[in-house]
Amino acid sequence: MYLTNEEERIYDGEYGWTNQICMKILVRLGELFAATKLIPINSAHVSGISYKTLGDAPIEFLEALSATGGKVSARATLNPQGLDTEYLGKKLDEKIRRKQLNILKQFEKMGFAQSLTCTPYYIEEPSQGSHLAWAESSAVVYANSVLEAWTNREGGPSALAAAIIGKTPDYGIHKAVNRQPKASVTLEAQPQNEIEFGAIGAFLGKVLEDKIPVICGLKGSSKEDLKQLGAALASTGMANMFYLHSASMRLDKPEKITIENNDIKSSVENLSTSAKSEPELVFIGCPHCSMNEIKNVACTIGGRKVKGGKELWICTSRFVKEKARNYVGEIEQSGAHLITDTCAVVTWTEKLGIRTIMTNSAKTAYYAPTLNKAETVLAPLKECLNTALEG
Amino acid sequence: METLTLKGRRIVEGCCRAEAIVSTKPISFLGGVDPADGRIIEKNHDLCGECIKGKVLCFPYGHGSTVGSYVLYSLSKNHLSPKAIINQTADPVVVVGAIIANIPMIDQIDLRQIKTGDTIEVDAYDGVVKVLKRKER
């Protein structure tokens, strides 16, 4: 791998241990994937922030990085943490709060923005063709497919290293040749709602492995529906992007995949582990809600109240909550919680006595049985809200 | 006995001589290894219950969450890390873990040539593994 003089000096330790270890991570990963150089990135997004998913293992490493003066040299954002200070922070015990706060403090010292969201693109949209080093698979697919920025699916540590150095090894889908679609997907019928978009993603993830698909017939879909499709695609498989079919597209002997109505139906069914209509928690906001989704939730609530004994969580970023402030009152008056900085998947729902989660997110439905030890019910927004609300 | 020399690819530099512990299964460090005592805790793993401290840990490749890299760092801080790692195919989780924990690492080695209990010498500057003493079988 070719390194510039300055990169060599960082690698040799002239700029301190933090820079050296981060450079080593990037160079060795680059060698592993036959990259020939490092390329500058416009932003990095780091996953693995919640103490629930991290545990104690990384704390010492993060402390060592920040103590030796590590600083980000690109715009760098953080995934959700395990709690918010207003609601869940008050329900969870002191030790958890302390640990989480310490993790966040280390990132803050290094100059990471306290975005605490899986949708950093709502805060600042990366420009078309810009190179990124993003972890958080749903954001990776969204960036590559909907925003046409270029990023591999980074892990937490490699995105961290890229944030510090401001560069990433040039391999994978940073190269145009690796962004060629290999499969052509035809749908028997249009998806009817967000959970069918999610179900299509979950189905495709399994059959495609890491092949990039072109999906026919979804031009004009909302960005939110494509967000659901991409999040589920990344959950069940290794494909990091998709294309929507357009007339100018030429494909070289693609694998042909047809998704029949039954495939969507059984994909939806497989994502629900329970038929229980009385979940303790109804959760909207995986990935974190957009401004439009918040507005839609407020309108659908329409003055109704959350039923006794039920929790309704709407999760988003601080940034979107501030932007959607006109709807916050309406949502909170219903008894629902508009929660920022975290989500149901990365917080301790088990400790809160939640056994069944109803959601409109295929990604949550896929992960909650293992990460939350919860039963899941996948249903569209309207049905989710009707379950949570009176009348 | 004769010394068997295997040539692989250097991933993280370093040298050591220690006893091998060999698995035919991939290892997920997050959830699969206890950072507090260095034991493999993944159920149904062929090394379940074994301690990897001070050994040359040989396994085909890593899998699972990228948080696993940090587990290797924790192990080394707790003085429970393996002395070296030998893989068939290096993967990002283990590579990053070995770098931050400073554990010598080599890949592209035919692991069928190494048995648990063999004494082996690892030269991860040159990517060479020498099997010095075979375990009595």
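A residue counts as buried here if 20 or more other C-beta atoms lie within 10 Å of its own, with C-beta atoms placed from the backbone. With that in hand, welcome to a quick tour of a predicted model.

**Helix H2 of chain A**

- Helix H2 of chain A covers residues 17–32, which makes 16 residues.
- From its first C-alpha to its last, H2(A) reaches 22 Å, close to the 22 Å expected at 1.5 Å a residue.
- H2(A) is largely enclosed by the rest of the structure, because 12 of its 16 residues are buried.
- The buried residues of H2(A) are Thr18(A), Asn19(A), Ile21(A), Cys22(A), Met23(A), Lys24(A), Ile25(A), Leu26(A), Val27(A), Arg28(A), Leu29(A) and Gly30(A).
- If you follow the chain past H2(A), you come to Ala34(A), whose phi is positive, near 60°.

**Strand E7 of chain A and its partners**

- Strand E7 of chain A (residues 183–187) runs parallel to strand E8 of chain A (residues 213–215), and three bridges join them.
- One facing pair to look for is Ala183(A), which stands opposite Pro213(A) in E8(A).
- To get from E7(A) to E8(A), the chain passes through helix H9 of chain A (residues 194–208), and this β-α-β crossover is right-handed.
- E7(A) also pairs with strand E10 of chain A (residues 255–259), in the parallel sense and over five bridges.
- In E10(A), Ile257(A) is the bridge partner of Val185(A).

**Where chains A and B touch**

- Chain B brings 17 residues to the contact, and chain A brings 17 residues.
- On the side of chain B that touches chain A, the elements giving two or more residues are helix H2 (68–77) and helix H3 (92–101) of chain B.
- Sorted by class, that side of chain B has 13 nonpolar, three polar and one charged residues.

**A closer look at Thr66(B)**

- You will find Thr66(B) in the loop between strand E4 (56–59) and H2 of chain B.
- Thr66(B) counts as buried because it has 24 C-beta neighbours inside 10 Å, against the cut-off of 20 or more.
- Apart from its neighbours within four places in sequence, Thr66(B) is in contact with Gly48(A), Gly155(A), Gly156(A) and Pro157(A) in chain A, and with Val93(B) in chain B.
- Leu80(B) lies 14 residues from Thr66(B) in sequence, and the two are 20 Å apart in space, C-alpha to C-alpha.

Technical notes: Residues are numbered from 1 along each chain as its sequence is written. Chains are lettered from A and ligands numbered from 1 in the order in which they are written. This is a predicted model: local features need pLDDT of at least 70, side-chain atom pairs count only at pLDDT 80 or more; totals for chains, interfaces and linings use all residues. Helices (H or I, at least four residues) and strands (E, at least two) are DSSP runs, numbered from the N terminus. The expected span of a helix is 1.5 Å times one less than its number of residues. Two strands pair if DSSP finds at least two bridges between them. A crossover is right-handed if, with the strands pointing away from the viewer, the path from the first strand over the helix to the second runs clockwise. Two residues are in contact if their C-beta atoms, placed from the backbone, lie within 7 Å. Ala, Val, Leu, Ile, Met, Phe, Trp, Tyr, Cys and Pro count as nonpolar, Asp, Glu, Lys and Arg as charged, and the others, Gly among them, as polar.
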